[in-house]
Amino acid sequence: MYRVPKQPSTKPGFLLVLLLVAGCAGGPPDTPPVEERVVIAHRGASGYLPEHTIAAKAMAYAQGADFIEQDLVMTKDDELVVLHDLDLDSVSNVSTLFPGRARDDGRHYVVDFTLEEIRQLAVSERFKVEDGSAITVSPDRFPLGKSTFRVHTFAEEIELIKGLNKSTGKTVGLYPEIKDPAFHRREGKDISAAVLDVLASYGYSKSTDDIYLQCFDRYELMRIHEDLLPARNMELALVQLIGAEADFAPLLTEEGIREISGYAAGIGPSMHHLVDPDSTASDLKVTGLVALAHAAGLKVHPYTFRREPDQIPAYATDFENLLDIFFNQVGVDGIFTDFPDRAVSFIEADK
Ligand code: G3P
Ligand code: CA
């Protein structure tokens with residue numbers, strides 16, 4: 001058994017970007033008004049129910065999240081499904097139900113299955129296989145093999161959220177992520193165009209609509225901004241995700257941030273891009289990234305905030321202290337979290 005995976009490795013990628021950002025750092029970042037802070041339910045209320053299930057999304061909604069995240073992947077028959085991975089192996093019984101359908105690397109790719117096939121799968125908490133047995137990645141989360149969960153489409157999730165908005169009178173937003181557009185292109189699929197078409201069909205078309213559209217691939221975001229959105233008379237707010245890899249380092253300079261502000265409304269860095277993970281409680285090393293982003297007019301929504309003790313950096317005492325550091329000292333505009341209830345409670349208490 002092992003615990004929830006740590007945040008991405010801090011070295012050498014983070015060391016490099018921290019140095020670059022530190023070189024551009026100005027004064028302390030401004031802290032946005034408490035009323036404007038947003039809680040983004042990362043894969044739903046995934047700390048309590050299997051990620052990206054309809055149950056996890058409904059729970060996130062009920063817990064008061066401002067936005068609910070959808071990671072999006074395409075099926076063989078061009079349907080958009082809400083899943084984090086390009087393959088089905090870590091959250092479903094695909095290898096049991098569809099023997100002989102793996103690629104040479106042993107993985108069962110979403111893009112090789114029709115929606116009708118994928119709907120047959122039982123979805124569970126994330127697991128790994130050891131000595132032929134499935135072992136949960138998160139021992140304190142929802143148990144493996146209990147209850148019944150399925151994969152659903154992007155359209156079905158939009159209908160859930162819009163339906164709840166109607167029945168509750170609230171305005172919870174979407175936060176879809178286009179997963180690996182280059183992979184999909186190699187498979188002959190334009191996932192970004194498909195995502196925009198579904199959004200347009202549900203009335204999401206303006207930058208003021210309750211939606212942020214995110215992607216790690218900057219060239220794809222530029223294409224969306226320059227070609228795909230104008231072609232559809234759409235103007236959605238885009239978010240540039242920033243990963244730990246060294247090739248993201250140029251984005252973390254003043255010039256890189258200025259470039260992002262030309263096509264996006266915000267950035268989604270790891271929390272380690274904002275606070276050096278080698279910080280201590282008495283020596284918090286805040287990078288200059290929030291200040292740079294705010295100066296360029298960009299929102300900052302870091303990922304991923306989890307309450308499990310092994311997910312709390314050494315400089316924080318617990319989950320709420322971590323939230324306090326990021327909202328009140330680092331000055332972020334919102335956070336991705338597996339525990340939206342805890343973040344919502346923290347913000348309410350801070351008002
Ligand atoms: O999209 C923000 C955050 O979710 C990025 O990481 O791997 O969980 O999609 P990941
Ligand atoms: Ca994501």
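Student: In which loop is the place of H52?
Tutor: Helices (H or I, at least four residues) and strands (E, at least two) are DSSP runs, numbered from the N terminus. On that numbering, H52 falls in the loop between strand 1 and helix 2.

Student: What kind of model is this, and what pLDDT do local features need?
Tutor: Residues are numbered from 1 along each chain as its sequence is written, chains are lettered from A and ligands numbered from 1 in the order in which they are written, and side-chain values use heavy atoms, with hydrogens and water left out. This is a predicted model, in which totals for chains, interfaces and linings use all residues, side-chain atom pairs count only at pLDDT 80 or more, and local features need pLDDT of at least 70.

Student: Is H52 buried or exposed?
Tutor: Buried means under 20% relative accessible area, exposed over 50%, and partly exposed in between (1.4 Å probe, protein chains only). The relative accessible area of H52 is 3%. Phi of H52 is near 60°, a positive value in a residue other than glycine. Because 3% is under the limit, H52 is buried.

Student: D131 also has a positive phi without being a glycine; is D131 buried or exposed?
Tutor: D131 sits in the loop between strand 4 (127-130) and strand 5 (133-136), and its phi is about 50°. Its relative accessibility is 82%, so D131 counts as exposed.

Student: Why do the buried residues of helix 2 lie on the same side of the helix?
Tutor: Helix 2 (residues 54-62) has A56, K57, A60 and Y61 as its buried residues. The arc is that of the directions from the helix axis to the C-beta atoms. They lie on the same side because the arc that they cover around the axis is only 140°.

Student: Which elements do the buried residues of helix 2 pack against?
Tutor: Contact means heavy atoms within 4.5 Å. The partners include three strands by name: strand 1 (38-41), strand 2 (67-74) and strand 3 (80-82). The buried residues of helix 2 also pack against helix 5 (154-168) and helix 12 (340-350).

Student: Which residues are in contact with Q63, leaving aside its neighbours within four places in sequence?
Tutor: Q63 lies in the loop between helix 2 and strand 2. With a relative accessible area of 16%, Q63 is buried. Its contacts are A45, Y48, P340, D341 and V344.

Student: How far apart are the C-alpha atoms of F113 and F346?
Tutor: F113 lies in the loop between helix 3 (94-97) and helix 4 (115-118) and is buried, at 1% relative accessible area. Beyond neighbours within four places in sequence, its contacts include L88, V94, F98 and I118. F113 and F346 are 233 residues apart along the chain. Their C-alpha atoms are separated by 42 Å.

Student: What is the C-alpha separation of V91 and T136?
Tutor: V91 is found in the loop between strand 3 and helix 3, and at 7% relative accessibility V91 counts as buried. Leaving aside neighbours within four places in sequence, V91 is in contact with residues including E51, L83 and F127. V91 and T136 are 45 residues apart along the chain, with a C-alpha separation of 9.9 Å.

Student: What is omega of the peptide bond that joins Y303 and T304?
Tutor: T304 belongs to the loop between strand 10 (299-300) and helix 11 (319-330). The bond is cis, and omega is about -20°.

Student: What radius of gyration does the protein chain have?
Tutor: The radius is taken over C-alpha atoms, and the globule rule is 2.2 Å times the number of residues to the power 0.38. For 351 residues a compact globule would be near 20 Å, and the chain agrees with this. The C-alpha trace spans about 55 × 50 × 45 Å along its principal axes. The radius of gyration of the chain is 20 Å.

Student: Among contacts between residues at least 6 apart in sequence, what share joins residues at least 24 apart?
Tutor: The chain has 12 helices and 11 strands, and 54% of its residues count as buried. The share of such contacts that join residues at least 24 apart is 73%.
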